[in-house]
Amino acid sequence: GSGNARGALNILEKTADGGEEYASSIVYLVDSTFIGLREYELVNRNQVWGTSTSSLKMDSLPTATIFFPNDGSEISPVSAAMVRKPDVLVIGIGTDGLTSVNENTFITNYDNLIEEIKAASPDTTIVCCGLPSVIPGYTGSDGLSVGVISDGNDWIQLVCRDTGSYFLNVQEALSESVQLLNRYAASNGKQLNRSGLDTFLNYVRTHKVP
């Protein structure tokens with residue numbers, strides 16, 4: 001990881017619904033799993049940071065740029081945080097390119113991204129989403145499986161411990177027996193459909209940061 005002494009894991013527990021005021025204070029940095037937030041316009045487009053291609057791979061995270069909806073520019077997530085300074089940044093990445101990185105690369109890239117965002121926007125609260133997994137019987141060419149997703153979730157929790165970020169256990173709402181429920185999956189078996197994204201947004205609102 002980043003070399004930080006690993007602290008306690010801060011898991012967001014169930015709370016009362018944060019309501020529209022809380023929901024509108026959140027910006028989402030996402031990969032292809034959650035990009036439907038932008039494509040379906042389930043939240044204000046200015047609240048979603050994703051790449052132009054929708055994919056945000058872990059091995060290219062240090063040099064990745066996102067489409068910055070406020071002005072249409074292509075900038076790094078760190079630069080976007082410096083300009084926007086969101087109250088809460090919910091990060092939903094890790095599935096894209098998961099099988100192409102090892103634990104050290106995954107954690108180092110994720111740790112460094114968070115530390116740079118914190119330096120650019122010190123008052124932003126950062127929440128890291130767990131990975132929702134894939135549907136039963138998934139056979140995509142990316143090599144994802146329940147076991148691979150489980151490893152990714154372990155690594156994200158280590159990132160949260162390194163950086164003091166909150167962990168949001170979205171599997172609790174979207175998966176069963178560590179597999180993405182079919183009713184929440186897009187046709188490719190790994191991205192979230194509209195129903196899954198609605199469930200995700202409700203989970204975010206009812207697991208509010210302190």
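Which residues does Y28 touch, not counting residues up to four places away in sequence? In this predicted model, local features need pLDDT of at least 70 and side-chain atom pairs count only at pLDDT 80 or more, while totals for chains, interfaces and linings use all residues. Residues are numbered from 1 along each chain as its sequence is written, and side-chain values use heavy atoms, with hydrogens and water left out.

With contact taken as heavy atoms within 4.5 Å, Y28 touches L37, V43, Q47, V48, W49, V90, F200, L201 and V204, residues up to four places away in sequence not being counted.

Six strands form an open sheet with parallel pairing, in the order 1-8-7-6-2-3. Strands (E, at least two residues) and helices (H or I, at least four) are DSSP runs numbered from the N terminus, and two strands pair if DSSP finds at least two bridges between them. Strand 1 (10-11) and strand 3 (48-49) are the edge strands, each pairing on one side only. Strand 1 is joined by two bridges to strand 8 (residues 166-168), and the two run parallel. Within this pair, N10 stands opposite Y166 in strand 8. Helix 4 packs on the sheet, where it touches strand 2 (26-30), strand 6 (88-92) and strand 7 (125-129). Helix 7 (residues 194-205) also packs on the sheet, touching strand 2, strand 6, strand 7 and strand 8.

How values were computed: Axes are lines fitted to C-alpha atoms, for helices over the stretch in contact, and angles run from 0 to 180 degrees between N-to-C directions.
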